[in-house]
Amino acid sequence: MSALLERLRAALAPEYDVERELASGGMGTVFLGRDTALDRPVAIKIIRPELWSAQAAERFLREARTLATLNHPNIVPIYQVGERSGFFFYVMAHLEGETLADRLARGTLPSDEAVRLCRNLLDALEAAHARGVVHRDIKPSNVFVAARRGILTDFGIAKSLSDPSTGLTAPGQAVGTLEYMPPEQAAGREVTPQTDLYALAMVIYEAIAGRQWSIHDRPPEVADWSRVPRGVARVLQRALRPDPRARWADAAAFRRALWAPRPPAYAWPIAGLVAVGAVAAGVFCGPLGLCGSPPLPPERAPYDLMVGRFQVEGTTDPALGTELAFLVSDLLERFPRIGLVPNALERVGDSLAGRAPPPVRVVNRLVGVVTQRGETLLVDVQVRDSLDRRLHSHRFDGSVADKVNLADNIAIWVILSVRPALKDEYEPDSTLRGRNVAALDEFLKGEEAFRQDAWSEAERHFQEALR
C-alpha cells in the first residue's frame, strides 16, 4: 500500500474505507472507497499532492460546489465535500461501467447507441446551462457509460456564466483539452453554452465515424460523413458551425433535432411486412415463374401541399408546434379543392430530417416556427417549393387559449398563397371548434412520448386524453 493511500485512509476513517486508486489525471486522483455507514461503494477525488496550491484548492472546491448544485441523472452525483488532515476531497457516486474513451478503444459505436448517448448528455448540459454552468471540457474520457446511459463527469474547469468572479484563469487564456476545444475556446475567446454543444458534437462524430473531428474542417459539410447516417449528420453539422450563433439555440433544440431522424415506432412492423413481401415475391415470382411482371402504377398528378411539423424556439413547449401543424393540416384536409398529402405531418417530418423523401410528388411545403411569449403565440410560416425555395411567408399571432382560431387564419393564408382562385370557397369548419382541445393536447403529447420510447408517459397522456 502506497504512503499516499495509507495517509488518505487514516484521514477519512472511519466514515470511509479507502480501498485503491482508480484513476489519476489533470489536478485530481480518484480512489475507490466504501461508505461504511450506508455500505455502498463511492468514488473519492482528492487534489494530487504535488499540485496543491491555494488556487488549486479553490478550483477543486468550486468544482465540488458546482456538482452539488447539478442534481441530474446524467451528471455524476456528489455526496460530500470537505478537508481532512490536509486532504481536500469530495465523495461522489461510484459508477459501474467504463468511460467513452475506454469504449471507443474497442471500436466505434452503432449510430443509434451514439444518438442515445448524445441525448443523455444533452439532458445533462441543459440542466447545467440552466444553472449558468458551461462545462468546457467535454471529451470521451469525461463521459461515463453506465448501463447504456451517458453520464457527464469532471466539472473541474467549468465556468459560471452568472458569476464571472469564479473564473480562475486569465482573460484570453485557453483552458481545456486541445483536441476537443471548439474554435472560440481554442482562441481564448468567450465561451457560451454553444461551446459545449460544439464539443459534444465533436465527441459524437468521433464515436460514429471513428476519427477525431478537426476544428479546421470548415464548413462542416466538407468533412468525411460517410459513416454517419444522413439525418444525424445534418444535426451534427449545425452544432459544428464555426460561428456559435449559427449553432443550435440550446441543448433542448439540439436534442429535439436528434429525435427527428427516427422513424415512427409503428413504421417498423410495416417495413418488416414490406420486406417479407418483397422476399416472397422474389421466391415465387422469380425462380418459379408463377407471376407475371406487375403493372406499373399510373403516375398521379403532384399534390398541392405537404404540411411539415412546426418547430419551436426558446423555451416554447414543443407540443405547441406539433399541435398547431396538426390543426392547420386538419383544416386544410377538410377543404377538398386543396390536394393535401395524406398523413403529411409524418411524411414531411421524415423528409426534412434527412431521410429519403416520401414517394409522392409535391408542389409546395408548409413549414413554421412557433414562439410563445406569455399567453401569445407568434407563428412564422413559409410556403416553400419543391426545390426548397421560399415562395411566401407571413407572421401570425394569437392567443394560446384559442389555437383553433390561429390555425384557421393560417389555413386561409395557405389557400390564398397556394390556390388564390379558391379564396371565396373556404369556410371555417365549425366541428373543429367543438373539439376538446385539452384532449388533443394530451393525445399529441402521448404520440411524442411514444416516439421517444417513453411508454409509461405515453400511456399516461393517452389515458388523460380519453378521460
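I take two strands as paired if DSSP finds at least two bridges between them. Helices (H or I, at least four residues) and strands (E, at least two) are DSSP runs, numbered from the N terminus. The model is predicted: local features need pLDDT of at least 70, side-chain atom pairs count only at pLDDT 80 or more, and totals for chains, interfaces and linings use all residues. Residues are numbered from 1 along each chain as its sequence is written, and side-chain values use heavy atoms, with hydrogens and water left out.

**Entry 1: strand β14**

I started with β14, residues 376-385. I looked up its burial, where buried means under 20% relative accessible area, exposed over 50%, and partly exposed in between (1.4 Å probe, protein chains only). The strand is mostly covered, with 7 of its 10 residues buried.

I then checked its partners. β13 (residues 362-373) runs antiparallel to β14 and is joined to it by 10 bridges. R365 has R384 of β14 as its bridge partner. The β13-β14 hairpin has 2 residues between the strands, and G374 takes a positive phi near 65° there.

On to β15, residues 390-399. I found 9 bridges between β14 and β15, again an antiparallel pair. V381 is bridged to H394 in β15. This hairpin has 4 residues between its strands, and D388 in the turn has a positive phi of about 65°.

**Entry 2: the three-stranded sheet**

I traced an open sheet of 3 strands in the order β6-β8-β9, with antiparallel pairing. β6 (98-99) and β9 (149-152) are the edge strands; each has a single partner strand, so one side of each lacks a neighbour in the sheet. β8 (residues 143-146) is joined to β6 by 2 bridges. E98 pairs with V145 of β8. Helix α4 (residues 111-130) packs on the sheet and touches β8 and β9. Contact here means heavy atoms within 4.5 Å. The direction of α4 makes about 35° with that of β9.

**Entry 3: helix α4 and its helical partners**

I use axes that are lines fitted to C-alpha atoms, for helices over the stretch in contact, with angles from 0 to 180 degrees between N-to-C directions. α4 packs against α6 (residues 193-209) at about 165°, with the axes 10 Å apart. The two helices are therefore roughly antiparallel. (Angles under 35 degrees count as roughly parallel, over 145 as roughly antiparallel, 65 to 115 as roughly perpendicular and the rest as oblique.)

I listed the contact residues. On α4 they include C118, L121 and L125, and on α6 they include L197, L200 and I204. By class I get 10 nonpolar, 2 polar and 1 charged. (Ala, Val, Leu, Ile, Met, Phe, Trp, Tyr, Cys and Pro count as nonpolar, Asp, Glu, Lys and Arg as charged, and the others, Gly among them, as polar.)

Next came α8, residues 251-259. Its axis comes within 9 Å of that of α4, and they cross at roughly 160°. That makes this pair roughly antiparallel too. Among the residues that meet are R119, D123 and E126 in α4 and F254, R255 and W259 in α8. This contact has 9 nonpolar, no polar and 4 charged residues.

**Entry 4: backbone details in loops**

I noted a cis peptide bond from A13 to P14, with omega near 0°. P14 sits in the loop between α1 (3-12) and β1 (16-25).

D39 has a positive phi near 50° without being glycine. I place D39 in the loop between β2 (28-35) and β3 (40-47). D39 counts as exposed because its relative accessibility is 56%.

S85 also shows a positive phi, about 50°, and is not a glycine. S85 lies in the loop between β4 (78-84) and β5 (87-93). At 62% relative accessibility, S85 counts as exposed.
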